[in-house]
Amino acid sequence: MACRKVDRAIARKIIDSIDNFLFDCDGVLWEASKEIPGSADTIAALRKLGKKIFYITNNSGKTRSQYVQKCKSLGFHAAEEDVICTGHAAAQYINAQNLKGKVYCVGNTSMGVELDSFGIKHFGIGPDEVPGSIEQIGIQQHINLDPEVSCVLVGFDPHINYMKMTKAASTGAVVGAIKIPARKEPVVVGKPNSVMFDLLKKEHNLDPSRCMMVGDRSDTDIHMANLCGMDSLLVFSGDMSYERLQALQTSADTDDKRNLIYLNIIVIN
(Lines give C-alpha, C1' and ligand atoms only; values in the text may rest on other atoms or scores of the structure.)
Protein backbone atom coordinates (compact mmCIF):
# COMPACT_ATOMS: atom_id res chain seq x y z
CA MET A 1 0.00 0.00 0.00
CA ALA A 2 1.48 3.36 -1.04
CA CYS A 3 0.41 5.17 2.11
CA ARG A 4 2.78 7.78 3.51
CA LYS A 5 2.64 10.48 6.12
CA VAL A 6 3.35 13.91 4.66
CA ASP A 7 6.73 15.33 5.54
CA ARG A 8 8.63 18.26 4.01
CA ALA A 9 10.02 16.13 1.17
CA ILE A 10 6.62 14.74 0.22
CA ALA A 11 5.04 18.20 0.53
CA ARG A 12 7.68 19.57 -1.85
CA LYS A 13 7.01 16.73 -4.30
CA ILE A 14 3.27 17.44 -4.16
CA ILE A 15 3.81 21.12 -4.93
CA ASP A 16 6.16 20.28 -7.81
CA SER A 17 3.99 17.58 -9.39
CA ILE A 18 0.40 18.74 -8.83
CA ASP A 19 -1.26 21.61 -10.71
CA ASN A 20 -4.89 21.05 -9.70
CA PHE A 21 -6.25 20.38 -6.22
CA LEU A 22 -9.80 19.04 -5.80
CA PHE A 23 -11.08 19.65 -2.28
CA ASP A 24 -14.00 17.98 -0.63
CA CYS A 25 -15.77 20.56 1.53
CA ASP A 26 -17.55 19.30 4.65
CA GLY A 27 -15.02 17.87 7.08
CA VAL A 28 -12.07 19.10 5.00
CA LEU A 29 -12.50 22.87 4.63
CA TRP A 30 -15.32 23.49 7.07
CA GLU A 31 -17.62 21.88 9.63
CA ALA A 32 -21.21 23.09 9.20
CA SER A 33 -20.75 26.89 9.04
CA LYS A 34 -17.31 27.10 10.64
CA GLU A 35 -13.98 27.06 8.80
CA ILE A 36 -11.57 24.34 9.88
CA PRO A 37 -8.58 26.32 11.21
CA GLY A 38 -5.86 26.75 8.60
CA SER A 39 -7.90 25.56 5.64
CA ALA A 40 -8.58 28.99 4.12
CA ASP A 41 -4.91 29.90 4.51
CA THR A 42 -3.93 26.64 2.81
CA ILE A 43 -6.18 27.37 -0.17
CA ALA A 44 -4.81 30.92 -0.41
CA ALA A 45 -1.21 29.65 -0.26
CA LEU A 46 -1.85 27.11 -3.03
CA ARG A 47 -3.44 29.79 -5.20
CA LYS A 48 -0.45 32.05 -4.60
CA LEU A 49 1.73 29.25 -5.98
CA GLY A 50 -0.39 29.22 -9.14
CA LYS A 51 -2.36 26.10 -8.33
CA LYS A 52 -5.94 25.65 -9.55
CA ILE A 53 -8.48 24.90 -6.81
CA PHE A 54 -11.76 23.05 -7.28
CA TYR A 55 -14.47 22.42 -4.68
CA ILE A 56 -16.19 19.07 -5.20
CA THR A 57 -19.08 17.88 -3.05
CA ASN A 58 -21.76 15.20 -2.94
CA ASN A 59 -24.20 17.65 -1.31
CA SER A 60 -27.16 18.25 -3.64
CA GLY A 61 -28.83 20.67 -1.23
CA LYS A 62 -27.02 23.75 -2.56
CA THR A 63 -26.51 25.20 -6.02
CA ARG A 64 -23.07 26.17 -7.31
CA SER A 65 -23.94 29.81 -6.68
CA GLN A 66 -24.87 29.05 -3.07
CA TYR A 67 -21.60 27.19 -2.59
CA VAL A 68 -19.66 30.17 -3.93
CA GLN A 69 -21.39 32.38 -1.38
CA LYS A 70 -20.61 29.94 1.43
CA CYS A 71 -16.97 29.74 0.35
CA LYS A 72 -16.63 33.51 0.34
CA SER A 73 -18.36 33.86 3.72
CA LEU A 74 -15.77 31.51 5.26
CA GLY A 75 -12.78 33.14 3.61
CA PHE A 76 -12.29 30.93 0.54
CA HIS A 77 -11.90 32.48 -2.90
CA ALA A 78 -14.29 30.76 -5.35
CA ALA A 79 -16.09 31.27 -8.64
CA GLU A 80 -18.90 29.10 -10.00
CA GLU A 81 -16.56 27.42 -12.48
CA ASP A 82 -14.48 26.23 -9.49
CA VAL A 83 -17.40 24.40 -7.89
CA ILE A 84 -18.94 21.09 -8.87
CA CYS A 85 -21.79 19.67 -6.81
CA THR A 86 -24.06 16.72 -7.52
CA GLY A 87 -27.09 18.85 -8.46
CA HIS A 88 -25.19 20.73 -11.17
CA ALA A 89 -23.33 17.63 -12.34
CA ALA A 90 -26.58 15.67 -12.65
CA ALA A 91 -28.23 18.45 -14.66
CA GLN A 92 -25.18 18.73 -16.91
CA TYR A 93 -25.12 14.95 -17.40
CA ILE A 94 -28.84 14.78 -18.21
CA ASN A 95 -28.49 17.68 -20.66
CA ALA A 96 -25.68 15.85 -22.46
CA GLN A 97 -27.91 12.80 -22.97
CA ASN A 98 -30.31 14.84 -25.14
CA LEU A 99 -33.29 13.18 -23.49
CA LYS A 100 -36.71 13.94 -24.91
CA GLY A 101 -39.29 14.51 -22.24
CA LYS A 102 -39.42 15.50 -18.59
CA VAL A 103 -37.39 14.71 -15.50
CA TYR A 104 -39.20 13.45 -12.43
CA CYS A 105 -37.10 14.94 -9.64
CA VAL A 106 -37.16 13.32 -6.22
CA GLY A 107 -35.04 16.09 -4.77
CA ASN A 108 -34.92 19.67 -3.55
CA THR A 109 -35.25 23.23 -4.84
CA SER A 110 -31.51 23.61 -5.46
CA MET A 111 -31.61 20.64 -7.83
CA GLY A 112 -34.53 22.32 -9.58
CA VAL A 113 -32.51 25.51 -10.04
CA GLU A 114 -29.67 23.53 -11.63
CA LEU A 115 -32.10 21.75 -13.98
CA ASP A 116 -33.64 25.11 -14.90
CA SER A 117 -30.18 26.45 -15.80
CA PHE A 118 -30.05 23.91 -18.64
CA GLY A 119 -33.69 24.43 -19.67
CA ILE A 120 -34.65 20.92 -18.57
CA LYS A 121 -38.36 20.39 -17.90
CA HIS A 122 -38.96 18.80 -14.53
CA PHE A 123 -41.51 18.29 -11.77
CA GLY A 124 -41.84 16.47 -8.45
CA ILE A 125 -40.00 18.80 -6.07
CA GLY A 126 -41.96 19.46 -2.88
CA PRO A 127 -44.63 17.45 -1.04
CA ASP A 128 -46.60 14.74 -2.86
CA GLU A 129 -49.49 13.79 -0.62
CA VAL A 130 -51.06 10.35 -0.55
CA PRO A 131 -54.48 10.54 -2.25
CA GLY A 132 -57.63 9.01 -0.79
CA SER A 133 -57.58 6.29 1.85
CA ILE A 134 -54.85 3.93 2.95
CA GLU A 135 -56.57 1.15 1.00
CA GLN A 136 -56.00 3.10 -2.23
CA ILE A 137 -52.23 3.39 -1.78
CA GLY A 138 -50.43 1.48 -4.49
CA ILE A 139 -53.52 1.05 -6.68
CA GLN A 140 -52.42 2.14 -10.14
CA GLN A 141 -55.49 4.22 -11.01
CA HIS A 142 -54.91 6.40 -7.97
CA ILE A 143 -51.35 7.27 -9.02
CA ASN A 144 -51.05 9.73 -11.89
CA LEU A 145 -47.98 8.85 -13.96
CA ASP A 146 -46.76 11.31 -16.57
CA PRO A 147 -46.02 9.46 -19.84
CA GLU A 148 -43.57 12.20 -20.86
CA VAL A 149 -41.11 11.30 -18.11
CA SER A 150 -37.88 10.01 -19.61
CA CYS A 151 -35.61 10.27 -16.55
CA VAL A 152 -35.85 10.08 -12.77
CA LEU A 153 -33.38 12.17 -10.78
CA VAL A 154 -32.93 11.31 -7.10
CA GLY A 155 -31.14 13.42 -4.51
CA PHE A 156 -31.74 14.81 -1.03
CA ASP A 157 -35.50 15.23 -0.63
CA PRO A 158 -36.95 16.38 2.72
CA HIS A 159 -40.40 15.39 1.46
CA ILE A 160 -39.63 11.81 0.45
CA ASN A 161 -42.60 9.51 1.03
CA TYR A 162 -44.36 6.41 -0.28
CA MET A 163 -46.01 8.25 -3.17
CA LYS A 164 -42.71 9.57 -4.49
CA MET A 165 -41.03 6.18 -4.25
CA THR A 166 -43.98 4.54 -6.00
CA LYS A 167 -43.96 7.02 -8.86
CA ALA A 168 -40.20 6.86 -9.18
CA ALA A 169 -40.19 3.06 -9.26
CA SER A 170 -42.84 3.06 -11.94
CA THR A 171 -40.71 5.29 -14.18
CA GLY A 172 -37.27 3.86 -13.45
CA ALA A 173 -35.72 5.32 -10.30
CA VAL A 174 -32.10 4.95 -9.60
CA VAL A 175 -31.14 4.67 -5.97
CA GLY A 176 -31.56 2.76 -2.76
CA ALA A 177 -35.07 1.66 -1.92
CA ILE A 178 -36.24 2.85 -5.34
CA LYS A 179 -33.85 0.99 -7.64
CA ILE A 180 -34.81 -2.47 -6.36
CA PRO A 181 -38.52 -2.35 -7.29
CA ALA A 182 -37.62 -0.36 -10.41
CA ARG A 183 -35.19 -3.11 -11.48
CA LYS A 184 -32.91 -0.50 -13.02
CA GLU A 185 -29.28 0.21 -12.26
CA PRO A 186 -28.48 3.84 -11.43
CA VAL A 187 -26.11 6.29 -13.04
CA VAL A 188 -24.57 7.65 -9.83
CA VAL A 189 -23.23 11.19 -10.21
CA GLY A 190 -21.64 11.58 -6.78
CA LYS A 191 -18.30 10.37 -5.49
CA PRO A 192 -16.75 7.81 -5.69
CA ASN A 193 -18.03 7.54 -9.25
CA SER A 194 -16.12 9.44 -11.90
CA VAL A 195 -18.93 11.57 -13.38
CA MET A 196 -18.06 14.83 -11.58
CA PHE A 197 -14.35 14.55 -12.32
CA ASP A 198 -15.09 13.59 -15.93
CA LEU A 199 -17.07 16.83 -16.31
CA LEU A 200 -14.28 18.89 -14.73
CA LYS A 201 -11.66 17.14 -16.83
CA LYS A 202 -13.52 17.93 -20.05
CA GLU A 203 -14.39 21.53 -19.13
CA HIS A 204 -10.93 22.49 -17.82
CA ASN A 205 -8.75 20.10 -19.87
CA LEU A 206 -7.33 18.51 -16.72
CA ASP A 207 -4.54 15.92 -16.73
CA PRO A 208 -5.39 13.39 -13.96
CA SER A 209 -1.68 12.75 -13.35
CA ARG A 210 -1.34 16.43 -12.35
CA CYS A 211 -4.39 16.39 -10.06
CA MET A 212 -4.81 15.57 -6.39
CA MET A 213 -8.06 14.84 -4.54
CA VAL A 214 -8.08 16.08 -0.92
CA GLY A 215 -10.75 14.50 1.27
CA ASP A 216 -11.69 12.97 4.60
CA ARG A 217 -13.35 9.77 3.36
CA SER A 218 -11.59 6.79 1.85
CA ASP A 219 -14.79 5.28 0.42
CA THR A 220 -15.76 8.39 -1.60
CA ASP A 221 -12.94 10.93 -1.98
CA ILE A 222 -9.97 8.58 -2.12
CA HIS A 223 -11.81 5.88 -4.05
CA MET A 224 -12.80 8.41 -6.73
CA ALA A 225 -9.20 9.53 -7.02
CA ASN A 226 -8.14 5.94 -7.59
CA LEU A 227 -10.81 5.40 -10.24
CA CYS A 228 -9.83 8.59 -12.06
CA GLY A 229 -6.07 8.09 -11.96
CA MET A 230 -5.36 10.92 -9.52
CA ASP A 231 -3.14 11.05 -6.45
CA SER A 232 -5.01 11.56 -3.20
CA LEU A 233 -4.48 13.14 0.19
CA LEU A 234 -6.52 12.03 3.18
CA VAL A 235 -7.01 14.43 6.09
CA PHE A 236 -8.09 13.61 9.63
CA SER A 237 -10.22 16.72 10.15
CA GLY A 238 -13.52 15.01 9.35
CA ASP A 239 -14.76 11.45 8.86
CA MET A 240 -11.41 9.60 9.00
CA SER A 241 -9.18 9.03 12.02
CA TYR A 242 -5.66 7.65 12.31
CA GLU A 243 -7.03 4.53 14.02
CA ARG A 244 -9.48 3.87 11.19
CA LEU A 245 -6.72 4.38 8.65
CA GLN A 246 -4.61 1.76 10.40
CA ALA A 247 -7.57 -0.65 10.19
CA LEU A 248 -7.85 0.07 6.48
CA GLN A 249 -4.20 -0.73 5.97
CA THR A 250 -4.72 -4.23 7.34
CA SER A 251 -8.02 -4.76 5.47
CA ALA A 252 -8.29 -7.29 2.63
CA ASP A 253 -10.23 -4.73 0.53
CA THR A 254 -7.75 -2.88 -1.70
CA ASP A 255 -10.19 -0.52 -3.47
CA ASP A 256 -9.48 2.39 -1.11
CA LYS A 257 -5.79 1.77 -0.52
CA ARG A 258 -3.99 2.63 -3.75
CA ASN A 259 -1.98 5.86 -4.05
CA LEU A 260 -3.11 7.02 -0.59
CA ILE A 261 -1.16 9.77 1.16
CA TYR A 262 -2.20 10.90 4.64
CA LEU A 263 -1.38 13.66 7.01
CA ASN A 264 -2.27 14.63 10.57
CA ILE A 265 -2.36 18.44 10.63
CA ILE A 266 -1.23 21.21 8.29
CA VAL A 267 -0.03 24.29 10.16
CA ILE A 268 0.67 27.49 8.22
CA ASN A 269 2.46 30.22 10.19
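Strand E2, residues 20–23, is joined to strand E10 by 4 bridges, and the two run parallel. This is a predicted model, so please hear everything that follows with that in mind.

Met213 has Ser232 of E11 as its bridge partner, and Gly215 has Leu234. As background, strands of a sheet pair through backbone hydrogen bonds, either parallel or antiparallel.

How many of the 5 residues of E10 are buried? The count is 5 of the 5 for residues 211–215, so the strand is largely enclosed by the rest of the structure. In a regular strand the side chains alternate between the two faces of the sheet. For E10 both faces are covered: Cys211, Met213 and Gly215 are buried on one side, Met212 and Val214 on the other.

Now the connection. E10, helix H9 and E11 together make a β-α-β unit, and the unit is right-handed. H9 covers residues 218–228. In H9, 9 of the 11 residues are buried, so the helix is also largely enclosed by the rest of the structure. The buried set is Ser218, Thr220, Asp221, Ile222, His223, Met224, Ala225, Asn226 and Cys228. After H9 comes Gly229, with a positive phi near 80 degrees.

Ile18 sits in the loop between helix H1, residues 8–17, and E2. Is Ile18 buried or exposed? Its relative accessibility is 0%, so Ile18 counts as buried. Leaving out residues up to four places away in sequence, Ile18 touches Lys51, Ser209, Arg210, Cys211, Met212 and Asp231. Two of those contacts, Cys211 and Met212, are among the buried residues of E10. There is also a pairing across the sequence to note: Ile18 and Pro208 are 190 residues apart in the chain, and their C-alpha atoms are 9.4 Å apart in space.

Next, the other sheet I want to show. This one is open, has 3 strands in the order E8-E7-E9, and its pairing is parallel. Strand E8, residues 122–123, and strand E9, residues 149–154, are at the edges with a single partner strand each, so one side of each has no neighbour in the sheet. Strand E7, residues 102–106, pairs with E9 in the parallel sense over 5 bridges. Cys105 stands opposite Leu153 in E9. Helix H5 packs on this sheet and touches E7, E8 and E9, and its direction makes about 160 degrees with that of E7.

H5 also meets a helix. Where do H4 and H5 touch? The axes of H4, residues 86–96, and H5, residues 109–117, come within 8 Å and cross at roughly 35 degrees. The crossing of H4 past H5 is right-handed. On the H4 side the contact is made by Gly87, His88, Ala91 and Ile94, and on the H5 side by Met111, Glu114 and Leu115. By class, that contact has 4 nonpolar, 2 polar and 1 charged residues. As a reminder, an α-helix has 3.6 residues a turn, so residues three or four places apart point the same way.

Last, some backbone geometry for anyone checking torsions. A cis peptide bond joins Lys191 and Pro192, with omega about 15 degrees. Pro192 is in the loop between helix H7, residues 176–182, and helix H8, residues 195–204.

For Ala32 the value is near 55 degrees. Ala32 lies in the loop between strand E3, residues 30–31, and strand E4, residues 34–35. Its relative accessible area is 56%, so Ala32 is exposed. For Asn205 phi is about 55 degrees. Asn205 is placed in the loop between H8 and E10. With a relative accessible area of 70%, Asn205 is exposed as well.

That brings the chain back to E10, the strand with 5 of its 5 residues buried.

Notes: Residues numbered from 1 in each chain as written. Heavy atoms only, no water. Axes fitted to C-alpha atoms, helices over the stretch in contact; angles between N-to-C directions. Left-handed = near helix turned anticlockwise from the far one by under 90°. Contact = heavy atoms within 4.5 Å. Nonpolar A, V, L, I, M, F, W, Y, C, P; charged D, E, K, R; others polar. Pairing = 2+ DSSP bridges. Buried < 20%, exposed > 50% of the residue type's maximum accessible area, 1.4 Å probe, protein only. Right-handed = clockwise from strand over helix to strand, strands pointing away.
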